[in-house]
Amino acid sequence: MKCDVCKSKIQTTFLNKIVGTYIRDSRGKRKVVCPECQKKFSREELLEKF
Ligand SMILES: [Zn+2]
């Protein structure tokens, strides 16, 4: 799985959860965001990037 902002690879835990977060865009599509991008950008900024 890849971050939808910076395209870097996102690790998953042994429980198959991603190290990062999911955000729904305006069309209701689920986007993946890595912890780095979560730190760098606000939710609004991330939505503009999808
Ligand atoms: Zn990222």
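Two strands are taken to pair if DSSP finds at least two bridges between them, and strands themselves are DSSP runs of E with at least two residues, just as helices are runs of H or I with at least four residues, both numbered from the N terminus. Strand 1 and strand 2 (residues 30-33) pair in the antiparallel sense, over four bridges. Isoleucine 23 stands opposite lysine 31 in strand 2, and threonine 21 is set opposite valine 33 in strand 2. Five residues lie between the two strands of this hairpin, and in the turn glycine 28 has a positive phi of about 85°.

The structure is a predicted model, in which local features need pLDDT of at least 70 and side-chain atom pairs count only at pLDDT 80 or more, while totals for chains, interfaces and linings use all residues. Residues are numbered from 1 along each chain as its sequence is written. The predictor's confidence in each residue is given as pLDDT, on a scale from 0 to 100. Its mean over the chain is 95, and 100% of the residues reach 70 or more.

For 50 residues a compact globule would have a value near 10 Å, and the chain agrees because its own radius of gyration is 10 Å. Along the principal axes, the C-alpha atoms fill a box of roughly 30 × 20 × 15 Å.

Burial was assigned by counting other C-beta atoms, placed from the backbone, within 10 Å of a residue's own: buried means 20 or more, exposed means 12 or fewer, and partly exposed lies in between. By this count, buried residues make up 12% of the 50 residues in the chain. Contacts were assigned to two residues if their C-beta atoms, placed from the backbone, lie within 7 Å. Of the contacts between residues at least 6 apart in sequence, 34% join residues at least 24 apart.

Beyond its neighbours within four places in sequence, aspartate 4 is in contact with Lys31, Val32, Val33 and Phe50. Its C-alpha atom is 9.3 Å from that of leucine 46, a residue 42 places away in sequence.

Valine 5 also belongs to the segment before strand 1, and is buried because 21 C-beta neighbours fall inside 10 Å. When neighbours within four places in sequence are left aside, the contacts of valine 5 are Val33, Cys37, Leu46 and Lys49. Between the C-alpha atoms of valine 5 and glutamine 38, which are 33 residues apart along the chain, the separation is 9.7 Å.

Isoleucine 10, again in the segment before strand 1, is partly exposed because 18 other C-beta atoms lie within 10 Å. With neighbours within four places in sequence left aside, its contacts are Met1, Lys2, Cys3, Ile18, Val19, Gly20, Val32 and Cys34. Isoleucine 10 is 13 residues from isoleucine 23 in sequence, and their C-alpha atoms are 14 Å apart in space.

Lysine 7, found in the segment before strand 1, has a phi near 70°, a positive value in a residue other than glycine. Lysine 7 is exposed because it has 8 other C-beta atoms within 10 Å. Asparagine 16 likewise lies in the segment before strand 1, and its phi is near 70°, a positive value in a residue other than glycine. Asparagine 16 counts as exposed because it has 6 C-beta neighbours inside 10 Å.

How values were computed
Rg over C-alpha atoms; globule rule 2.2 N^0.38 Å.
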